[in-house]
Amino acid sequence: MTMAASEAVLRALSGGLPHTCSDPYINNWKSVLFFKSRVNCRNNGGSLYQKSKNCSRMLWKYTWINACQGEDVACYVETQRAKRLESMRFKCQRADSVSGVTANENLPPISRPVNTVGVTVNGNVASAATVREKSHKAHEGSVEEEAWDLLRASVVYYCGNPIGTIAANDPSDTSILNYDQVFIRDFIPSGIAFLLKGEYDIVRNFILYTLQLQSWEKTMDCHSPGQGLMPANFKVRTVPLDGDDSATEDILDPDFGEAAIGRVAPVDSGLWWIILLRAYGKCSGDLSVQERVDVQTGIKMILKLCLADGFDMFPTLLVTDGSCMIDRRMGIHGHPLEIQALFYSALLCAREMLAPEDGSADLIRALNNRLVALSFHIREYYWIDMKKINEIYRYKTEEYSYDAVNKFNIYPDQIPSWLVDFMPNRGGYLIGNLQPAHMDFRFFSLGNLWSIISSLATVDQSHAILDLIEAKWADLVTEMPFKICYPSLEGQEWRIITGSDPKNTPWSYHNGGSWPTLLWQLTVACIKMNRPKIAERAVKLAERRISRDKWPEYYDTKKARFIGKQARLFQTWSIAGYLVAKLLLDNPSAARILVNEEDSELLNTLCDMINANPRRKRGRVGFKQPFIV
Ligand code: GLC
């Protein structure tokens, strides 16, 4: 697209607003969408800022940079971060020494009876149980305090403004790869923690700056990503300003997967962005961000990309392997549950935020249709419990007709032997993926938890998923919550499906590793279903060792006994996930900023559609709308 053409498009999109300043606080339109080669801001405090005298934040930046006596912003930020790290280390030491009791093994094991021998505390006789309870509280407090210090130390600044958090802040790590960058998905728990703490600026900045990166002109082997795609991650680079040795500029450099290991496009980024945008509005009460023209355009672009017609027969989103949290080959290409749950949630969030206007009627119609079809498809075809497995076990195959019971031609031999043991009598879950002649029976945690949160699963199904988690605690939670998926791929299957990936060996990393960050999603799901005790139990378990282990990215082995082979330490979303879980358990009503309630209008439409569609009727003899609860 030529410069003139892109400017014309921009003007059309923005309603002709002039481009006065590159600060997203002022700039209520999409400034860099099609033509800007990079998003940058200069740190020399010179004429650029003086030109923007009508822009208070710019002026603030100008003054502030001068106060920094010519040092560049990054240098100032580094000093601040170093200071924070110093105080953080001091606090860590203090926490260890205060709590000889915090030697974590000394904490009472969960749900085991505690010893009640009397001891003297502060002149009173107290039971060992009370002492332990007190020491547990003290330990809990110090873990939380440390987590906040670490989270703050991971904040990344762009032109002096907090804009995100780096993925990991591990000083001992020699191969950082891209863990020094801000990942969209990793920032979500950080953003939620800040929102719940009443610190809204960083989230607002993140939303607005990442929006500027959307559909950035990057290519992979001469091919550009689809318009509307959000990057997986971005880096703030501070570089010398051309022709001026004394000044630097900050650049936002996004990665849409063209540098990522395996070159995978992050389908989940845009979906998370929409979910966070709604949470920001609900928590801060500031709806002005979601109402902005550029933000509305951003939402629509993500939706258009997701709702675009393809060759699909299914309402689920078709994606490549590794397009979400599991971002390398794990055999989840096709229609993975995680993406479908986030998609459903993002559609509902977007519907709430889209301004009603003539131009968006078609989009809203498409969105509503998709919501209905998607929830039907997942609730009906992804759900398994003992009864359903038994049905599959007795399936007839090769049925050619509209009336087929076994619509996807699943061969019963596919039922893996582990599933028969794994499935409790009470409980069930949504399978990982569904393709012609293939059901991926693995349990994927994020997809199941987010299906509860978004109401993609029915109320009964949601309770059944939590029942299964309770029944299979020893497999899914073990010594560190929460398994990313169950079970792991082994032997020949591992070789073929992962491509012999040495990082994804059985019970490690994405292949059945345990990820503490999933605590926050577990907590939201439990609170939504009014079963917070399950989350409390998991948080207590994590609290025993997560800080002592230095907040690893993931744990290995079937029982999560080892810190992951290649796990980063001080992984930000492990820290933020823990904090969000704690904050929400203290104030469960705050979970509403993330939850999507079942939409009765949608349900009615779903029933009407099914009743009115003769093909579906024929296909479902005796269909009793099992999704209505
Ligand atoms: C790993 C994870 C991915 C995460 C990234 C940064 O690649 O698989 O989900 O976003 O690390 O933490």
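**Cavities, helix packing and loop backbone in a predicted model**

Colleague: How do the residues of the lining of the largest cavity divide into nonpolar, polar and charged?

Modeller: A cavity is a set of points on a 1 Å grid over the protein atoms alone where a 1.4 Å probe fits but cannot get out, and lining residues have an atom within 4 Å of a point. Ala, Val, Leu, Ile, Met, Phe, Trp, Tyr, Cys and Pro count as nonpolar, Asp, Glu, Lys and Arg as charged, and the others, Gly among them, as polar. On that basis the lining of the largest cavity divides into seven nonpolar, two polar and two charged residues.

Colleague: How much space lies in the largest cavity?

Modeller: This is a predicted model, in which local features need pLDDT of at least 70, side-chain atom pairs count only at pLDDT 80 or more, and totals for chains, interfaces and linings use all residues. Residues are numbered from 1 along each chain as its sequence is written, and side-chain values use heavy atoms, with hydrogens and water left out. There are six cavities of 30 Å³ or more, where a volume is the space filled by probe spheres set on grid points joined across faces, edges and corners. The space in the largest cavity is about 70 Å³.

Colleague: Which elements give two or more residues to the lining of the largest cavity?

Modeller: That lining consists of Arg185, Pro189, Trp272, Met325, Glu338, Leu446, Thr517, Leu518, Trp520, Gln521 and Trp573. Elements are DSSP runs numbered from the N terminus: helices (H or I, at least four residues) and strands (E, at least two). Those giving two or more residues are α6 (184-196) and α19.

Colleague: Are α19 and α20 roughly parallel or roughly antiparallel to each other?

Modeller: Axes are lines fitted to C-alpha atoms, for helices over the stretch in contact, and angles between N-to-C directions run from 0 to 180 degrees. Angles under 35 degrees count as roughly parallel, over 145 as roughly antiparallel, 65 to 115 as roughly perpendicular and the rest as oblique. The axes of α19 (residues 519-528) and α20 (residues 532-545) come within 7 Å and cross at roughly 160°. The two helices are therefore roughly antiparallel.

Colleague: How many nonpolar, polar and charged residues are in the contact of α19 with α20?

Modeller: Contact means heavy atoms within 4.5 Å. From α19, Leu519, Leu522, Thr523, Cys526 and Ile527 meet Pro532, Ile534, Ala535, Ala538, Val539 and Ala542 in α20. The division is ten nonpolar, one polar and no charged.

Colleague: Is the crossing of α19 and α21 left-handed or right-handed?

Modeller: The axes of α19 and α21 (residues 572-586) lie 7 Å apart at an angle of about 20°, and these helices are therefore roughly parallel. A crossing is left-handed if the near helix is turned anticlockwise from the far one by less than a right angle, and right-handed if clockwise. The crossing of α19 and α21 is left-handed.

Colleague: Which residues of α15 and α16 make the contact?

Modeller: Helix α15 (residues 445-453) packs on helix α16 (residues 459-471) at about 140°, with the axes 9 Å apart. That angle makes α15 oblique to α16. The contact is made by Asn448, Leu449 and Ile452 of α15 and by Ser462, Ile465, Leu466 and Ile469 of α16.

Colleague: Which residue does a cis peptide bond join to Tyr486?

Modeller: Another cis peptide bond joins Pro481 and Phe482, with omega about 10°, and Phe482 is in the loop between α17 (473-476) and β14 (485-486). The residue in question is in the loop between β14 and α18 (491-498). With omega about -10°, the cis bond joins Tyr486 to Pro487.

Colleague: Where is Trp507 found?

Modeller: Trp507 has phi near 60°, a positive value in a residue other than glycine. Its place is the loop between α18 and α19.

Terms used. On a 1 Å grid over the protein atoms alone, a cavity is a set of points where a 1.4 Å probe fits but cannot get out, and a pocket is an open set with protein on both sides within 12 Å along at least five of seven lines; lining residues have an atom within 4 Å of a point.
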